[in-house]
Amino acid sequence: MARHRNVRGYNYDEDFEDDDLYGQSVEDDCCISPSTAAQFIYSRRDKPSAFAERLEEGYGYEDSEEPAKNITSNHQLTGVDQARLYSCLDQMREVLGKTASEQVMVEAVLNSKFDVQKALDFVLAQDSKQNVKTKNEEAVTTGKTTKGKPRDSQSTRIDSKIVPKVTKMTVSGKKQAMGFEVPSVIAEENGHSANTPQKRPSSEDSSVTSGVVELGSKSALPSQTIQIPEEQSTVPTPVKKSSKTRQQIDVKAELEKRQGGKQLLNLVVIGHVDAGKSTLVGHLLYLLGNVNKRTMHKYEQESKKAGKASFAYAWVLDETGEERERGVTMDVGMTKFETKTKVITLMDAPGHKDFIPNMITGAAQADVAVLVVDASRGEFEAGFETGGQTREHGLLVRSLGVTQLAVAVNKMDQVNWQQERFQEITSKLGQFLKQAGFKESDVAYIPTSGLGGENLVTSCQSSELTEWYKGKCLLEQIDSFKPPQRSVDKPFRLCVSDVFKDQGSGFCVTGKIEAGYIQTGDRLLAMPPNETCTAKGITLHDEPVDWAAAGDHVSLTLTGMDIIKINVGCIFCGLKEPIKACTRFRARVLIFNIDVPITKGFPVLLHYQTVSEPATIRRLLSILHKSTGEVTKKKPKVLTKGQNALIELQTQRPVALELYKDFKELGRFMLRYSGSTIAAGVVTEIKE
């Protein structure tokens, strides 16, 4: 029995007869071939002095002290003198490094009677004499070889092979020596030939030239590592500038290359609450393959558990717990998808009237819009009549510069795809949208079903619809939108829509580039805080990029500024052409349907890009004619609905603005009062 072995009387020496136990297992008694043993099992007897030899080779402690001892033995020194000698040698090593040998330094110290300054002068003078001698020899050899061109090129090639030169590496604005490079290449980069003498002190010049020819002495190479970064420190900056100007010209070409010929389009989805916007967009993304089946199945299961089975597709963009619990979109959900000819940045805006400020933020960043209306009986009327968001959203997007609109008549399957209902909705909407300022040719009406997925990506196969509708599906209509002109040539402008702390150093801001372009490393100015910073990194659609241009929704990683000073609504611009910040400006406004007339001192909420700022109407300057813009009445006492007027506004805090004539995107704003939009306007004059 193994458990009842006689442990006390066990003779362990029988198991450990052999002295060499390395590589052997006590438990395994299997035999090993001699070749395997030689390859894998280490024996200390074979190479007893291997480690000792390597240590002696790697560290020359004894060698370094030998010359000092040999020389000091020639000169009989007391203990105090020896200590002074070693301290002098330490000071000299700090200055000279390994450029001078130990023997030379000891002689210099003893000759100068332990004066470090004199000893250094003596060593440096010796070096310069030696270098002059080698320079003369070099001149003689070059004079001989210049008779034939092939020989000259051969000699320079040999020099370039033999002597390494130190290249430059820029780290946070400081030049550091790192790596090796062939000298002729660097010389050509800097616009000098290899043998061109520089205007500098003779000792430095001679040390560099001696380094090109001499290899026997180690003193040449370290002297190069000291000299070359100084020589090149002023050169790289103009090179950087020229590369920037080159890229400025190619921005449009680079944009086409990056998108693979596809144009960028920013699309916002708007409409009354519960019209089915999020469900329609979520189903569209699922059909396009942007949401995989596994994720969709998870959403379906979770929504069933929550008792909201029909909200599964809406959860694709409604990601927060509160949005899912309430079943209402609260913030602008953003994603990206591609069509045949376009790259679409999709923004799902909230429809509830409590979140209109968020909707304005999304609409201000859009080029085109999809207006979703509910086709079911009573629902369309509720959204379209006074108090509904269909009218307000339509007015808002038009006032914010959106000219192309696709109207998705949703939930058509609930009315059995009736043509009469579709025509009734389009006639009511068409009349309103025309009054709002949309051209009939720029508005398209598409019958859809967001939950069923009909007529979204492919034309509906239902016979009830195909009998009377032969038009495009929603995706084809989105693909046919004309992209607007990008202001790439204008100065850089980015409006901040979100600020958050990054994992590394610095912090991140997200927003849409309204004009110009940006590269990593660019210096930026934030207004109104009037603070400068550096763009450390740029992220576009969760992918790091080196540059981004107008129209892109980017995330910038910034350094050199405190995160406390940046708020949502700040505008980043270039240092050369900054944006103006003011508290008082004049604007031309169009008054919407209002209950209370507008008078001097009227309090309003100014919505400008992503800014929401309290303001007051300081002066009513004049009433203008709607079509011609002529002044019909000066200094009116009151403004009523439907009027076009010139007013002066004053904000509580400074706001960064642009004139409408210079930057259309940054010259528009909205005025709201007690939860409803009362006016839209454009900036005409910035006062202070």
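Student: How many disulfides does the structure hold?

Tutor: Zero disulfides. Keep in mind that this is a predicted model.

Student: Okay, so what about Cys495, where's the nearest cysteine sulfur?

Tutor: That would be the sulfur of Cys570, 8.5 Å away. A disulfide needs the two sulfur atoms within 2.5 Å, so Cys495 is in no disulfide.

Student: Is Cys495 buried or exposed?

Tutor: Buried, because its relative accessibility is 3% and the cut-off is under 20%. Cys460 is buried as well, with a relative accessible area of 7%.

Student: Switching to the cores. Which residues have the most contacts inside the largest nonpolar core?

Tutor: Val370 and Val407, in a core of 72 residues. There's also a second, separate core of 38 residues, and Cys495 turns up there along with Ala515, Val611 and Leu666, among others.

Student: What does Val407 touch, leaving aside its neighbours within four places in sequence?

Tutor: Leu371, Val373, Leu429, Leu433, Val443, Ala444, Tyr445 and Ile446.

Student: And for the whole chain, what share of residues count as buried?

Tutor: 41% of the 688 residues. The chain has 21 helices and 26 strands. Among contacts between residues at least 6 apart in sequence, 68% join residues at least 24 apart.

Student: Now Lys342. Which strand is Lys342 in?

Tutor: Strand β5, which covers residues 342-348. Lys342 is buried yet has no salt bridge.

Student: What about phi at Phe114?

Tutor: Positive, about 65 degrees, although Phe114 is not a glycine. Phe114 is in the loop between α5 and α6, and is buried at 18% relative accessible area. Gln609 also has a positive phi, near 55 degrees.

Student: Where is Gln609?

Tutor: In the loop between β20 and β21. Gln609 is buried, with a relative accessible area of 5%.

Notes: Residues numbered from 1 in each chain as written. Predicted model: local features only at pLDDT ≥ 70, side-chain atom pairs only at ≥ 80, totals over all residues. Heavy atoms only, no water. Helix = DSSP H or I, 4+ residues; strand = E, 2+ residues; numbered from the N terminus. Buried < 20%, exposed > 50% of the residue type's maximum accessible area, 1.4 Å probe, protein only. Lys, Arg positive; Asp, Glu negative; His and termini not counted. Salt bridge = Lys/Arg side-chain N within 4 Å of Asp/Glu carboxyl O. Core = buried A, V, L, I, M, F, W, Y, C linked by side-chain atoms within 4.5 Å. Contact = heavy atoms within 4.5 Å.
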